[in-house]
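Hi,

Here is the structure I promised to pass on.

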Amino acid sequence: MANFNFNKVIIGGRLTADPELKTTSSGVSVTSFSVAVNRRFQAKNAEDTQTDFFNVTAWRQTAEFVTQYFHKASSICVVGTLQNRSWIDNNNVKQYRTEIVADEVFFVDSKGESAPVFPVQPPAAVPVSKSEMDAQFADAQSSFAKINDDDFPF
């Protein structure tokens, strides 16, 4: 029987602070940041949306990309792995941290879109008939424009 190992995390949320680029003593770029992610479901008696905060670390070009193009409250999608690490702090106490190590990050907002304040409430669903959906799809198709590769920062 073969061993089965799988570790993949995908989160989408908003940065809680501006990411800061740092460099290790060997010259490797790194940044750590936190992403706020609203829970899909909440307790029936809860008035506020519940939000989880995930620690993320990005290395090398991914770190440079994040610090250049993302800021506090930017929407971001992070794909990576979940990792645990431990260390002994200055008080000789063993500390533990679970974090996501980013393999990929993606833009979520359109260019220039303003970011709402946490927590974000999803919009209420509006029922639409099939004929209305077909008409909206046809309108959307007619408005497609060719995109120039120079418009992208990567």
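Keep in mind that this is a predicted model. What does its side chain pair with? The side chain of glutamate 99 makes a polar contact of 3.4 Å with that of arginine 97. Leaving out residues up to four places away in sequence, glutamate 99 also touches Asn55, Thr57, Thr81, Leu82, Gln83 and Arg85.

Next, the core. The largest nonpolar core has 17 residues, and the members touching the most others are Ile11, Phe33, Val56, Ile76, Val78 and Val105. At least two residues of this core come from each of β1, β3, β4, α1, β5 and β6. Take isoleucine 11: beyond its neighbours within four places in sequence, its contacts include Val35, Val37, Phe54 and Ile100.

Then the rings. There are 6 aromatic pairs in the structure. One of them is stacked: phenylalanine 4 and phenylalanine 6, at 6.4 Å centre to centre with 10 degrees between the planes. Both of these phenylalanines are exposed. Phenylalanine 65 and phenylalanine 107 are edge-to-face, because their planes are at 70 degrees, with the centres 5.4 Å apart. Phenylalanine 65 is buried at 16% relative accessible area, while phenylalanine 107 is partly exposed at 34%. Phe65 and Phe107 also belong to one aromatic cluster with Tyr69 and Phe70.

Cheers

Key. Residues are numbered from 1 along each chain as its sequence is written. This is a predicted model: local features need pLDDT of at least 70, side-chain atom pairs count only at pLDDT 80 or more; totals for chains, interfaces and linings use all residues. Side-chain values use heavy atoms; hydrogens and water are left out. A nonpolar core is a set of buried Ala, Val, Leu, Ile, Met, Phe, Trp, Tyr and Cys residues joined through side-chain atoms within 4.5 Å. Buried means under 20% relative accessible area, exposed over 50%, partly exposed in between (1.4 Å probe, protein chains only). Helices (H or I, at least four residues) and strands (E, at least two) are DSSP runs, numbered from the N terminus. Contact means heavy atoms within 4.5 Å. A polar contact is a pair of N or O atoms within 3.5 Å; within protein, one must be able to donate a hydrogen and the other to accept it, and residues adjacent in sequence count only if both atoms are side-chain atoms. Rings of Phe, Tyr and Trp (its six-membered ring) pair if their centres lie within 6.5 Å; planes under 30 degrees apart count as stacked, over 60 as edge-to-face and the rest as tilted.
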